[in-house]
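Visitor: Can you walk me through this one? Keep it quick.

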Amino acid sequence: MTNYGENLFEGAAAYYAQYRPVYPAHLIRFLVEKFADNGQQKLLDIGCGTGEISFRLFDWFDEVIGIDTDKEMLCEAMRKKELLRASNVHFFNGDLAQFLAHQSIDKLQLVTMAKSFHWMDREALLHTLYPLIQSGGGVALIDQYIPDKEITPWEQAFKQVVKKWYGAERRAGNTTYTHPVKSHATVIEESAFTLQQYSLAPYTYTWTIDAILGNHYSTSYGLKQFLGSEARIQAFEQDVRETLLQLNPAGVFEEILPVSVKLAMK
């Protein structure tokens, strides 16, 4: 597993909290119907970020624990917790091994990882989680990445501007990103869990140019620090605006977002 360092999302948390697309209601309904039949279960959200999944599910679980290695992300999550008065949601700064060294937990009904499993030692993580999950429970890997997804003209134009300013390589932390060779599905099949795969209904998301830029800055490869000076940041943003406004002077763009859920069931 590649070591990306401790600053993988440095400076991204505020953008993450404000600009990441909201997960659709039918995804939340799917998870609730599958795992939260009486409201007394425990949920562990690994790589929780600013709590996008934790706060969508806290009404349906007795206890929700979110863990993340990024302090800035958890600061945003704690701010949301206070606003929502989510007293049953708790956060821990660290990875799963550090969390388990700090406190014991068992009889988990659901473990969620939304767009985070690829950053982890996947085989070791599933091995650690298996005895912590009760029978009938499982791990839900939530993603919106589809390899053969049709790219809209505005997305292609934006990608070209990003390539111009950030370079061809996808930077991540202190190195470049390396996508796992083995699929998530294969990793689950080779574990003690049973694989179930679901493709939920896609949904339409509407972007403004500010939201496109904000979402970009929320990613590991789009950090502002990779651009360097404030002058380069402003020039990049101006380039994005001019390019996208040529495609639609109204500055509003739509994207069809897929929803993929891979379950590792016990």
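Predicted model: local features only at pLDDT ≥ 70, side-chain atom pairs only at ≥ 80, totals over all residues.

Visitor: How many helices and strands are in the protein?
Guide: The protein has 10 helices and nine strands. These are DSSP runs numbered from the N terminus: helices are H or I with at least four residues, strands are E with at least two.

Visitor: And what is the radius of gyration?
Guide: It is 19 Å, close to the 18 Å from the globule rule for 266 residues, so the protein is as compact as a globular protein of that length. The radius is taken over C-alpha atoms, and the rule is 2.2 Å times the number of residues to the power 0.38. The C-alpha trace spans about 55 × 40 × 35 Å along its principal axes.

Visitor: What share of the residues is buried?
Guide: Buried residues are 50% of the 266. Buried means under 20% relative accessible area, exposed over 50%, and partly exposed in between (1.4 Å probe, protein chains only).

Visitor: Which residues of α9 are buried?
Guide: Ile209, Ala211, Ile212, Leu213, Gly214, Asn215, His216 and Tyr217. That is eight of the nine residues in helix α9 (residues 209–217), so the helix is largely enclosed by the rest of the structure.

Visitor: What do they pack against?
Guide: The buried residues of α9 pack against α1, α7 (153–166), β8 (194–208), α10 (230–247) and β9 (252–265). Contact means heavy atoms within 4.5 Å.

Visitor: Switching to rings. How many aromatic pairs are there?
Guide: The structure holds 12. Rings of Phe, Tyr and Trp (its six-membered ring) pair if their centres lie within 6.5 Å; planes under 30 degrees apart are stacked, over 60 edge-to-face, the rest tilted.

Visitor: What about Phe9 and Trp119?
Guide: Their ring centres are 6.0 Å apart and their planes are at 85°, so the pair is edge-to-face. It links distant parts of the chain, 110 residues apart: Phe9 is in the segment before α1 (13–19), Trp119 in the loop between β4 (108–114) and α6 (122–129). Phe9 is buried at 16% relative accessible area, and Trp119 is buried at 15%.

Visitor: Which residues form a ring cluster?
Guide: Ring pairs link Tyr15, Tyr19, Tyr166, Tyr217 and Phe236. The charged end of Lys224 sits over the ring of Tyr217, 4.9 Å from its centre. Likewise, the charged end of Lys266 sits over the Tyr130 ring, 4.5 Å from its centre. The test is NZ of Lys or CZ of Arg within 6 Å of the ring centre and within 35 degrees of the ring normal.

Visitor: How many disulfides?
Guide: The count is zero, with a disulfide taken as a pair of cysteine sulfur atoms within 2.5 Å.

Visitor: Last one. Where does Gly39 lie?
Guide: In the loop between α2 (25–35) and β1 (42–46). Gly39 is partly exposed, at 30% relative accessible area. Not counting residues up to four places away in sequence, Gly39 touches Trp60, Phe61 and Asp62.

Terms used: Residues numbered from 1 in each chain as written. Heavy atoms only, no water.
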